[in-house]
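Please open the model in your viewer and keep the selection panel within reach. We will go from stop to stop, with something to select at each one.

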Amino acid sequence: MSERHLHGKLAVVTGASDGIGLGLARRLAVAGAEVILPVRNEAKGRAALDTINGNASLRRLDLASLSSVAALADTLTAEGRPIHILINNAAVMTPPTRFTTTDGFEIQFGTNYLGHFALVARILPLLIAGRARVTTQSALAAMGGRINWADLQCERAYSPWTAYNQSKLANMLFGLELDRRSRTHGWGVTSNVAHPGLASTNLQTTGPTMGGQWSPLKSPFKSVFPALSRLGWPVQTTEGGLRPALYAATDPAARGGRFYGPRGLAHLTGPATEEKIYKSARSPEDAARLWDLSLGLAEVTFAARAH
């Protein structure tokens, strides 16, 4: 990313109070963009803001609450500024037991996917005005994911990894479908999908210990991942993990309807490259079905003009 080439651009990065999201916000700001950090924890957000060398500010957002998503959208709409870059990055990973969002959705589906779906729907006019690049973070986990149409919220059976895989597959289906619909309707929004490979961040420990519960996942992730990241494979640093999303969101060569990840062995580490879309995400019919279902769940519409 060339220095200052984003001057005059407005970027929004979810989950930017730490980890890959914060790294992305820093890089975008250094490149000249004005960056908005929508955060749930204001104190944590302010601490993150102090580490950004550039023009950045906070807004309030809890992706696990559709009313909070609507409130942020109302704020951004009232500010009336075109958005040029949106990175849907925030995530919850593998809580040991089933938690739900404020609106009763399984928390990984509700936070990782549905909250971002609702946000894009509600700020679509601002994205259209900015001819925005929208990059949605998926994960390696999407490769083994499937949409459980009969038990979308894991009410009958909950498995941390099955629910996480589903949420990240949903993100991939959404990012690809958004680009298809943008081209069909002439919105001018470019949408693509990225994944960080294996990167050492707080994500691997905050989810497994959610609610103060201990999980056997905590110890290996907390100790082994940072050690392996220093070796460069099979785990990379946070800075390494942000490269695919940064490329997808900012590089002129990155295209809509495409999928970007690390270039290295098994796509675990390395510089950004275009990858083949996972077989699990190749069905336009599944993407359209999930989109239509999500409109009702999130109670939103994709309107080119603000209501």
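A nonpolar core, a term we will need soon, is a set of buried Ala, Val, Leu, Ile, Met, Phe, Trp, Tyr and Cys residues joined through side-chain atoms within 4.5 Å. Buried stands for under 20% relative accessible area, exposed for over 50%, and partly exposed for what lies in between, with a 1.4 Å probe and protein chains only.

Two notes on the model before we start. It is a predicted one, in which local features need pLDDT of at least 70 and side-chain atom pairs count only at pLDDT 80 or more, while totals for chains, interfaces and linings use all residues. Residues are numbered from 1 along each chain as its sequence is written, and side-chain values use heavy atoms, with hydrogens and water left out.

**Whole chain**

Show the cartoon first. The chain has 11 helices and 8 strands; these are DSSP runs numbered from the N terminus, with H or I over at least four residues for helices and E over at least two for strands. Of the 307 residues in the chain, 55% are buried. Take contact to mean heavy atoms within 4.5 Å. Among the chain's contacts with a separation of 6 or more, 71% are between residues 24 or more positions apart.

Now select F117, I123, L127 and F302. These residues have the most contacts inside the largest nonpolar core, which has 50 residues. At least two residues of this core come from each of β1, α3 (66–79), α4, α5 (124–129), α6 (160–185) and α11. With 8 residues, α4 gives the most to it.

Which residues does F117 touch, not counting those up to four places away in sequence? Show its surroundings and you will find F174, W291, S294, L295, A298, V300 and F302.

**Two crossing helices**

Next, colour α4 (residues 107–122) and α11 (residues 284–298). Their axes come within 10 Å and cross at roughly 85 degrees. Axes here are lines fitted to C-alpha atoms, for helices over the stretch in contact, and angles run from 0 to 180 degrees between N-to-C directions. That angle makes α4 roughly perpendicular to α11, a label for 65 to 115 degrees; under 35 counts as roughly parallel, over 145 as roughly antiparallel and the rest as oblique.

For the contact itself, pick F109, Y113, L114, F117, A118 and R122 on α4, and L290, W291, S294, L295, L297 and A298 on α11. These residues divide into 10 nonpolar, 1 polar and 1 charged. In this count Ala, Val, Leu, Ile, Met, Phe, Trp, Tyr, Cys and Pro are nonpolar, Asp, Glu, Lys and Arg are charged, and the others, Gly among them, are polar.

**The sheet**

Select the strands now. An open sheet of 8 strands has mixed pairing and the order β3-β2-β1-β4-β5-β6-β7-β8; two strands pair if DSSP finds at least two bridges between them. At the edges are β3 (56–60) and β8 (272–275), each pairing on one side only. On average, neighbouring strands of this sheet are turned by 25 degrees against each other, direction ignored.

Zoom in on β1 (residues 10–13) and β2 (residues 34–39), which pair in the parallel sense over 3 bridges. Here V12 has I36 in β2 as its bridge partner.

Then move to β6 (residues 190–194) and β7 (residues 259–262), which run parallel and are joined by 2 bridges. A194 has Y260 in β7 as its bridge partner. Between β7 and β8 there are 4 bridges, and these strands run antiparallel; G261 is partnered by T273 in β8.

**The loop between β7 and β8**

Stay in the loop between β7 and β8 and select A266 and H267. Most residues other than glycine have a negative phi. A266 has a positive phi of about 60 degrees, and H267 also has a positive phi of about 60 degrees. H267 is partly exposed, at 27% relative accessibility.

**Last stop: α10 and H5**

Finish with helix α10 (residues 243–250). Because 6 of its 8 residues are buried, α10 is largely enclosed by the rest of the structure. The buried ones are P244, A245, L246, A248, A249 and T250. From T250, step to H5, which is in contact with T250 and A31, leaving aside neighbours within four places in sequence. H5 sits in the segment before β1 and is partly exposed at 31% relative accessibility.
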